[in-house]
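The sequence and structure are shown first.

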Amino acid sequence: MELSQYCRISHFWTHHAFSLAVAFSLNIEKPYWIPISCLAVMQGSSSKHIWLRATQRITGTLVGLGITWLIASGNPTPLIMVISITLLQVIVEFLVVRNYAIAVVFITILTIFLSESGKQLTQDTNEIFFARMIDIFIGSVIGMIGGWILYNAKLLHHARCN
């Protein structure tokens, strides 16, 4: 592996660690949403692809939160939650390689059902959704900045990577 590849990998993980530090410094209840979003966005294959992934992640999360809010307002039973989680997993597996933007909608619903299932989902819906949207936005913006640096040859050269 060339030095420039090591530098890119180092930058990638340094930026990811930075996103986790931001999450902890903001005293967020579930700090993992910020670095997960950062990592998902930075996996783009080019600077343009990273911006596209960030936009898709933010938009898909917003739509997914809206759908989840509608479902949660109906007070789903545990059986409905189990069936929904199973169906959502199949949908996500099918869509994630075909259309990331649409997949994020279902990923959002699935992850909230998995992490917040039970009484908390119907009790603190607005709080959970607002926190999730803010965290996804922060992580995506950090990922966009990191990706821009990663694919900007002048900045990498300035950092003595090339």
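In which helix is Ser140 found? Ser140 is found in helix α7, helices being DSSP runs (H or I, at least four residues) numbered from the N terminus. This is a predicted model, in which local features need pLDDT of at least 70 and side-chain atom pairs pLDDT 80 or more, while totals for chains, interfaces and linings use all residues. Residues are numbered from 1 along each chain, and side-chain values use heavy atoms, without hydrogens and water.

Ser140 counts as buried because its relative accessibility is 0% (buried means under 20% relative accessible area, with a 1.4 Å probe and protein chains only). A polar atom of its side chain lies 2.8 Å from the backbone oxygen of Ile136.

| Residue | Contacts |
|---|---|
| Ser140 | Ser37, Val41, Ala54, Arg57, Ile58 |
| Ala23 | Ile28, Pro31, Ile34, Pro35 |

A nonpolar core is a set of buried Ala, Val, Leu, Ile, Met, Phe, Trp, Tyr and Cys residues joined through side-chain atoms within 4.5 Å. The largest has 8 residues: Phe12, Val22, Ala23, Ile34, Cys38, Met42, Ile142 and Leu150. Two or more of these residues come from each of α1 (3–25), α2 (33–42) and α7. A second, separate core of 7 residues includes Met81, Ile109, Leu110 and Phe113.

Helix α7 (residues 125–151) also gives the most to the lining of the largest pocket, with 4 residues.

Technical notes. Buried < 20%, exposed > 50% of the residue type's maximum accessible area, 1.4 Å probe, protein only. Contact = heavy atoms within 4.5 Å. Polar contact = N/O pair within 3.5 Å; in protein donor to acceptor, adjacent residues only side chain to side chain. Lists of a residue's contacts leave out its neighbours within four places in sequence.
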